[in-house]
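Biologist: I would like to learn how to read the sheets, helices and ligand shell of a model. Please take them one at a time.

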Amino acid sequence: MENFEDGAREHLLSVNVNENDGFNGSESKIQVKNLTRCLDKGASILKNVSLEIPRGKIMGIIGPSGGGKSTLLRALNRLWEPPSGTVFLDGKDITGVDVLELRRKVGMLFQLPVLFEELKPFSKTGTVADNIRYGPLLKGKKISDEQVYKLLTFADLDSSFFNKHGNELSVGQAQRVALARTLANEPEVLLLDEPTSALDPISTQNIEDVLVKLKSKGMTIVMVSHSIKQIKRIADVVCLLVGGEIVEVLSSEKLSEAKHPMARRFLDLSS
Ligand SMILES: Nc1ncnc2c1ncn2[C@@H]1O[C@H](COP(=O)(O)OP(=O)(O)OP(=O)(O)O)[C@@H](O)[C@H]1O
């Protein structure tokens, strides 16, 4: 953590590690129990999915297209509203938690970053700094310039980005700003839906490095990726989702030992 100075470290650690919450490192941060999503026409996107997402680790979610990966991820911060009694954060049913509070705790980064041009009622300019400040301002907290610089540094962006606008950034830079903006909310969990699929290898590595740093601070990370290589590089645990069902959960070193025929086929064709 050479670049991340004390203030910002405290800023993140204060929310990521809570010694008194009754869990230890080996227990689940998120539990999914018998989660099903059916479409109006009767088809199921998710079929009775149960999953333990370990605290302070990176879990990769992989599987063929249309298998329900994004739907599962979106259920974890109620971008899709799961039925009550199916998703728990620190043992608490997330459908009983205020949705904005939940989304601060469980932040999400998408495949293509979108920076806000106008941030009513706080700013009309929509600079990188304005974007980073937006989440905390919504709950009445103004973060200082110094904290913004520290979040930029943490996301591997130098201070020249502070006053830039979204249209001056590459997709990779915008993705790192989006990450800094999410981190300004001090999330405990980070959900990522193919966050590097639009990025070049160097930008991809920058994002992966930041994710590994966040994990080392105790953050729980859940990442959907189509890259088996990426999953092997950074994930601790891998969940294989095929046709709306979890067919295997393995440590990433044991991915090649997956037994389910569809999972095997997917892995063979992807490697
Ligand atoms: N709101 C919706 N209404 C109708 N069908 C939906 C909806 N959301 C998802 N689906 C369908 O559910 C299935 C699973 O979608 P989902 O995006 O979760 O899969 P995925 O594994 O993330 O796919 P990909 O890897 O292609 O992104 C797909 O067939 C999709 O078309």
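Modeller: Start with pairing: two strands pair if DSSP finds at least two bridges between them. Helices (H or I, at least four residues) and strands (E, at least two) are DSSP runs, numbered from the N terminus. This is a predicted model, where local features need pLDDT of at least 70, side-chain atom pairs count only at pLDDT 80 or more, and totals for chains, interfaces and linings use all residues. Residues are numbered from 1 along each chain as its sequence is written.

Biologist: Which residue in β2 is the bridge partner of Leu-35?

Modeller: Strands of a sheet pair through backbone hydrogen bonds, either parallel or antiparallel. Here Leu-35 has Val-49 of β2 as its bridge partner. Strand β1 (residues 28-38) and β2 run antiparallel, joined by 7 bridges. They belong to an open sheet of 4 strands, ordered β2-β1-β4-β5, with antiparallel pairing. β2 (44-54) and β5 (92-93) each have a single partner strand, so one side of each lacks a neighbour in the sheet.

Biologist: What is the strand order in the open sheet of 6 strands?

Modeller: The order is β6-β7-β8-β3-β9-β10, and the pairing is mixed. Its edges are β6 (106-109) and β10 (245-251), each with a single partner strand, so one side of each has no neighbour in the sheet. From one strand to the next the twist averages 20°. Strand β3 (residues 58-62) runs parallel to strand β8 (residues 220-224), with 4 bridges between them. Met-59 has Val-222 in β8 as its bridge partner.

Biologist: Which residues surround the ligand?

Modeller: Among them are Leu-39, Ile-45, Lys-69, Ser-70 and Thr-71 (a residue is near a molecule if its C-beta atom, placed from the backbone, lies within 6 Å of it). Helix α2 (residues 69-75) gives the most to this shell, with 3 residues.

How values were computed:
Axes are lines fitted to C-alpha atoms, for helices over the stretch in contact, and angles run from 0 to 180 degrees between N-to-C directions.
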